[in-house]
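Open the structure in your viewer and keep the selection tool at hand. The tour goes from one selection to the next.

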Amino acid sequence: MAWIRAGSCLAKLAIRRTLLQSGSYATRTRNRCFQTTVFKSKPESGPGPVPRSVPLSRLSDSFLDGTSSVYLEELQRTWETDPNSVDESWNNFFKNFVGHVASSPGISGQTIQESMKLLLLVRAYQFHGHMKAKLDPLGLEQREIPADLDPEFYGFNESDLDREFFLGVWRMSGFLSENRPVQTLRAILTRLEQAYCGSIGFEYMHIANRDKCNWLRDKIETPSPMAYDSQRRQVILSRLIWGTQFENFLATKWTAAKRFGLEGGETLIPGMKEMFDRSADLGVENIVIGMSHRGRLNVLGNVVRKPLRQIFNEFSGGTKPIDDGELYTGTGDVKYHLGTSYDRATRGGKHIHLSLVANPSHLEAVDPVVIGKTRAKQYYSNDVNRTKNMGILIHGDGSFAGQGVVYETLHMSGLPNYTTGGTIHIVVNNQVAFTTDPKSGRSSQYCTDVAKALEAPIFHVNGDDVEAVVHTCELAAEWRQTFHSDVVVDITCYRRFGHNEIDEPFFTQPKMYKVIKKHPSALEIYQKQLLETGQVKKEDIDRIQNKVLSILNDEFVASKDYVTQRRDWLSNYWEGFKSPEQLSRIRNTGVQHEILKNVGKTITTLPENFNPHRAVKKIFADRLKMIETGEGVDWAVAESLAFATLLVEGNHVRLSGQDVERGTFSHRHSVIHDQETGERYCPLDHVMKNQNQEMFTVSNSSLSEFGVLGFELGYSMENPNSLVLWEAQFGDFSNGAQVMFDQFLSSGEAKWLRQTGLVVLLPHGYDGQGPEHSSARLERFLQMSDDNPFVIPEMEPTLRTQIQTCNWQVVNVTTPANYFHVLRRQLHREFRKPLIVMSPKNLLRHKECKSNLSEFDDAEGHPGYDKQGTRFKRLIKDQNGHSDLEEGIRRLVLCSGKVYYELDEQRKSADGKDVAICRVEQLCPFPYDLIQRELKRYPNAEIVWCQEEPMNMGAYAYIAPRLATAMKATERGTIQDIKYVGRAPSAATATGFHGVHVKEHSELVQKAMQPEAIITPCLT
Ligand SMILES: Cc1ncc(C[n+]2csc(CCOP(=O)(O)OP(=O)(O)O)c2C)c(N)n1
Ligand SMILES: [Mg+2]
């Protein structure tokens, strides 16, 4: 109800003055919202008139009649005697009004009433002018024009058009500014129509911040309409020619190829280019772009400036680079998904680096990835004001309105650890999504309405008006650099052809396409306009057209011999990193004892005057003891030690996810809250002197999986010298981010040659918490793993590239020390691979799940030290000190994760000394060498795979063929000889009945230890 507040402003000012004079509680109410009912005034003697209080509920057109008009007349008389005796605003009012309207019979109630009505009319244009704007190039859109945009609605008629009205003491910019207080109704309406109802529809009145609205009003409600000079027009024209010719050229050369052309929305190209130029002028040096199929090739060629010959080469099917041992190509992707990055000069003579992020078909999935990457760029370039690195997202109208990840991404924009200082969103709004009309595709009026939740201004613009497109694009850049928040440019255009070039649009949109068929292109419209106004000569246009065509032809010729020359995935930070076919040395991950002790102390000690919660105080005291005694190190301390040692080595560490600061299971306590002051303390911010506070970042995230995981993924891809982790609250919830796992994490390197060392922590384990808190769906990650189940790769330690050629790593680790090493291993190697961790819940406090500090260090003879030194153990052999050959062992139980501790306990109680239990800590890639070693160690043992998950879940389906391959190689039988112990197949991941859980669990551990041979039911 902002207008009511403004409307009541006049009366408020007068009242305030009265109250000031009467010395009442005016000072107390100075900053409060105006409520007339608060001030039940009684007539007082003394100077100045006394206003009549009018409750808002009774505020009507006639409220200034009667005593109020008397009041005004008195006020005017007082002012005439001494202008300073009235409130400053009334002084302004009388000065302006009386000064301008010589014939004014004086200030009457009617005058004020008209002023207020006019004010409402202006406000109506500011609110709803966009509803009348000419946004649809096809003119098909039928919108009801709001009644409050009609002057008659306020009682104005023809005869009022040339009367002057008072508009201005409202302390606002634009029409309501103080320097244009008196105007004729005609003048006001003309400018309102020009400003709000032309080719641009401005939506901004949902923004609560007055300064931001005033900033926009200043830009929108200019005294005269915006216009470009002829030099700018030539540049705009040339850019539009490039955008248009590019599509025409592709269409003639590859008539039947899918390219998802931009035809109908070509003004995007000059718009983007001008936006980037303006951004560069305002200090932007790096732009990260995310976009889907529509116009992507055009943007790649004309905006990012990927060499046209390379694009054309890829169009012709591309020549898969010759395998010279240097070029790794992966599986590749279709041409309109590929990313790239280039430096380009701007119109203003600056340089700007542009990267277009590779993306999958899944619309909008790339959004959070772009934002995460942008944020990482800001961190590494110390861009504390976030003005040098900016993200741009280009959306389709259907996907912007429909895909939930858009909202998840928008909602990160203001969060301290996720903000990038504003993203510019451009919607290529072609008014159709494949075959779906907007009326079937969204419930909101505009496809951009979701952005209103963020208070982002939204500029709707007619895509046929290239200058308007350019103007809104520039304005968006200015907004972003001024307010450091998101902004949306919604280019309303059309799609000249079908969804792709071989699609028939008439099947479903016959009326629309009849109009489109006859509709001139944006370029034709602009050329005509420039020629008619004499801005450009025909020869100039022909010259540009010919030049563009000849370059396109030359590039086409050159494309035939084009061969990819270099790995384009190696950006600066990745120099020296290895691709999968280049052997990378396996490194140790142990850390010097003194360093462990030193950082260990820091991360377990709180400042003296800090008042932690009692329980936290005890936790930290226990942690310090672990470091001092070197014994009983638990999971949380091991994790902190991994982070701290990586930080000391100069790496950036960032952990994000829901409630990760404390930890879902109250185990991490990485940020501690002073119980008296509420102050926060993060021990890992202090492992080095003068440590940059962002070098270690731990941050609770918004309650999103898709968005936040995508963000962290983008973040992790920027610089390899960082450990970036995302933790799901419970592993099961990660399926909300399934697209990220399927399309980016498991397959991104193969498709786009982009590496990431992102760590995903997924709490997993059957402890009776029901179907949604037990399983992280381990089976899904294993099913997506690409290590061949029937081929044992080279496993010799000095030649092993197994982990490099595999798409990711999936681990289910059982000791704090091994967790420490697997995290450190992520950075202590010359390549990067995603790491999926089935992380524990009850092992966080399990009395047996402890490690000694000696397992973390690299001292020879210590428990973690083996032939190569101290490293992550892919498999942990039986703990009973077995020799290389144990013929008396009757059963070898292979398992993974926390079930090990339960099996070990059962073995102890059943006195199962003739049973060996081995933990497969790394499931993928499969540790063939270590499994074979264990098979050889127990030549007579029955081979059992034991898991706590149902048979159709967990690791069984993944393990069985690989274990069988290892068994075949060691002559230990076939897949039939693998005994299964675990839960029966099930639709739900776990039972919801606690009693059933306990029964199932004791049955499975007992079965694994039973004296009789195990019979797997399905194999009998
Ligand atoms: C998540 C997802 N769902 C469905 C599709 C299939 N699809 C590809 S393009 C498209 C229409 C997109 O419409 P819009 O966002 O308006 O973009 P336009 O193609 O019109 O530029 C659809 C449904 C997809 N690629 N991704
Ligand atoms: Mg569309």
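Which of the 15 residues around ligand 1 come nearest? Keep in mind that this is a predicted model. Select ligand 1, then His-293, Ser-361, Asp-397, Gly-398 and Ser-399, which come nearest among those 15 residues.

Next, look at the polar contacts of ligand 1. Select the side chain of Asp-397: one of its N or O atoms is 2.6 Å from an oxygen atom of ligand 1. Move to the backbone of Ser-399, where a polar atom lies 2.8 Å from an oxygen atom of ligand 1. Then select Leu-363, which has a backbone N or O atom 3.2 Å from a nitrogen atom of the ligand. On its own, ligand 1 has 580 Å² of accessible area, and the protein covers 75% of that.

Now colour the shell around ligand 1 by residue class: nine residues are polar, four are nonpolar and two are charged. Select helix 14, residues 397–402, which gives the shell its largest share, three residues.

Go on to ligand 2, the magnesium ion. Asp-397 lies in helix 14, and Asn-430 in the loop between strand 8 (423–429) and helix 16 (438–441), so the pair ties together parts that are 33 residues apart in sequence.

Are Asp-397 and Asn-430 buried or exposed? Both Asp-397 and Asn-430 are buried.

How values were computed:
Residues numbered from 1 in each chain as written. Chains lettered and ligands numbered in written order. Predicted model: local features only at pLDDT ≥ 70, side-chain atom pairs only at ≥ 80, totals over all residues. Heavy atoms only, no water. Near = heavy atom within 4 Å. Polar contact = N/O pair within 3.5 Å; in protein donor to acceptor, adjacent residues only side chain to side chain. Areas by Shrake-Rupley, 256 points an atom, 1.4 Å probe, with all protein chains shown as cover. Helix = DSSP H or I, 4+ residues; strand = E, 2+ residues; numbered from the N terminus. Nonpolar A, V, L, I, M, F, W, Y, C, P; charged D, E, K, R; others polar. Donors = N, O, S within 2.8 Å, 3.2 Å for Na, K, Ca; no water. Buried < 20%, exposed > 50% of the residue type's maximum accessible area, 1.4 Å probe, protein only.
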